[in-house]
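Reader: Could you take me closely through the aromatic side chains of this model and then through the strands beside them in the account? I would like the cut-offs stated as you go.

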Amino acid sequence: MSSPSSDALLGPADIRELAAVLGVRPTKQRGQNFVIDANTVRRIVRTAGVRDGDVVVEVGPGLGSLTLALLEAADRVTAVEIDDVLAGALPATIAARMPERADRFALVHSDAMHVTELPGPAPTALVANLPYNVAVPVLLHMLDTFPSIERTLVMVQAEVADRLAAPPGSKVYGVPSVKANWYAEVKRAGSIGRNVFWPAPNVDSGLVALTRRTEPIKTTASKREVFAVVDAAFAQRRKTLRAALAGWAGSAAAAETALVAAGISPQARGEALTVEEFARIAEHAQQKGPVQQ
């Protein structure tokens with residue numbers, strides 16, 4: 001593979017010029033904040049551990065800052081973009097700035113939450129600057145839909161990054177933490193300042209690295225059943241699991257029975273449980289069947 005030129009990446013002036021030509025004004029509705037710093041996108045690619053054999057899927061490529069950096073390192077890149085104008089312009093940007101890799105790029109013009117298949121070889125990595133307002137559902141959807149994704153690095157709002165990577169017992173441990181852990185080992189992988197974006201967001205950003213579990217969680221319960229327990233447990237955080245799971249189980253007494261059978265104290269709270277423990281609760285309910293009111 002020939003190497004792209006060092007000036008192929010987009011800088012602040014390039015981003016603003018592209019946006020002006022396209023008539024693009026970043027919208028809060030879609031959580032658009034474009035990365036304008038070449039060093040930052042290279043750092044993201046490096047932190048993601050992208051290799052020359054990787055097939056990378058990127059969600060929300062915007063004007064192409066990260067896309068170009070990914071194309072420098074990966075074998076192929078598929079970008080999923082919902083915005084009509086941005087999706088229409090990106091292939092031309094790739095062809096103009098990195099023509100030697102243009103045939104290694106594919107665009108899917110769609111809402112990432114509705115994507116169920118991608119062109120070309122199965123993706124091995126997900127690397128994305130995720131729009132803040134849909135970061136968690138998009139991440140979980142992609143991990144669920146594409147089990148071939150082994151490694152993920154996403155840039156999200158710092159608060160969301162903390163939640164995703166939080167361990168049991170943490171004040172910010174919750175539904176995103178448990179559900180992400182169903183698929184992968186999750187850890188914080190760095191922080192990103194506000195000044196590398198245009199427009200600059202009013203919050204800091206964080207990198208989250210996810211490594212797909214080599215062995216799935218051992219349980220006879222389905223993902224849907226486990227996630228139903230997780231949702232119920234955190235819907236009322238301050239309550240004990242006996243109380244919080246009453247609606248899910250059919251009654252507080254039925255919830256207590258399920259918890260005791262799973263080896264978990266009915267007085268415990270959801271933020272203390274691992275994903276494996278939530279699976280045990282779901283497993284018991286699956287065996288016995290939830291009690292109906």
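**Aromatic pairs and the sheet**

Author: Trp182 has a relative accessible area of 14% and is therefore buried, a word that here means under 20% relative accessible area, with exposed meaning over 50% and partly exposed lying in between (1.4 Å probe, protein chains only). This is a predicted model, in which local features need pLDDT of at least 70 and side-chain atom pairs count only at pLDDT 80 or more, whereas totals for chains, interfaces and linings use all residues. Residues are numbered from 1 along each chain as its sequence is written, and side-chain values use heavy atoms, with hydrogens and water left out.

Phe227 is likewise buried, at a relative accessible area of 10%.

A search of the whole structure gives 5 aromatic pairs, where rings of Phe, Tyr and Trp (its six-membered ring) pair if their centres lie within 6.5 Å, and planes under 30 degrees apart count as stacked, over 60 as edge-to-face and the rest as tilted. Among them, Tyr173 and Phe234 have ring centres 6.2 Å apart and planes at 70°, so this pair is edge-to-face. The two residues lie 61 residues apart in the chain, with Tyr173 in the loop between helix 6 (158–165) and helix 7 (175–183) and Phe234 in helix 8 (residues 223–235); helices (H or I, at least four residues) and strands (E, at least two) are DSSP runs, numbered from the N terminus. Tyr173 counts as buried because its relative accessibility is 4%, and Phe234 counts as buried at 10%. Trp182 and Phe227 have ring centres 5.9 Å apart and planes at 75°, so they too form an edge-to-face pair. This pair links helix 7, which holds Trp182, with helix 8, which holds Phe227, across 45 residues. Ring pairs also join Tyr173, Phe234 and Phe278 into a cluster.

Turning to the strands, an open sheet of 7 strands runs in the order 4-3-2-5-6-9-7 with mixed pairing, two strands being paired if DSSP finds at least two bridges between them. Its edges are strand 4 (105–109) and strand 7 (184–192), each pairing on one side only, and the twist from one strand to the next averages 20°. Within the sheet, strand 5 (residues 125–129) and strand 6 (residues 151–157) run parallel and are joined by 5 bridges; Leu126 has Thr152 in strand 6 as its bridge partner. Helix 4 (residues 84–97) packs on the sheet, touching strand 3 (76–81) and strand 4, and its direction makes about 170° with that of strand 4. Contact means heavy atoms within 4.5 Å, while axes are lines fitted to C-alpha atoms, for helices over the stretch in contact, with angles from 0 to 180 degrees between N-to-C directions.
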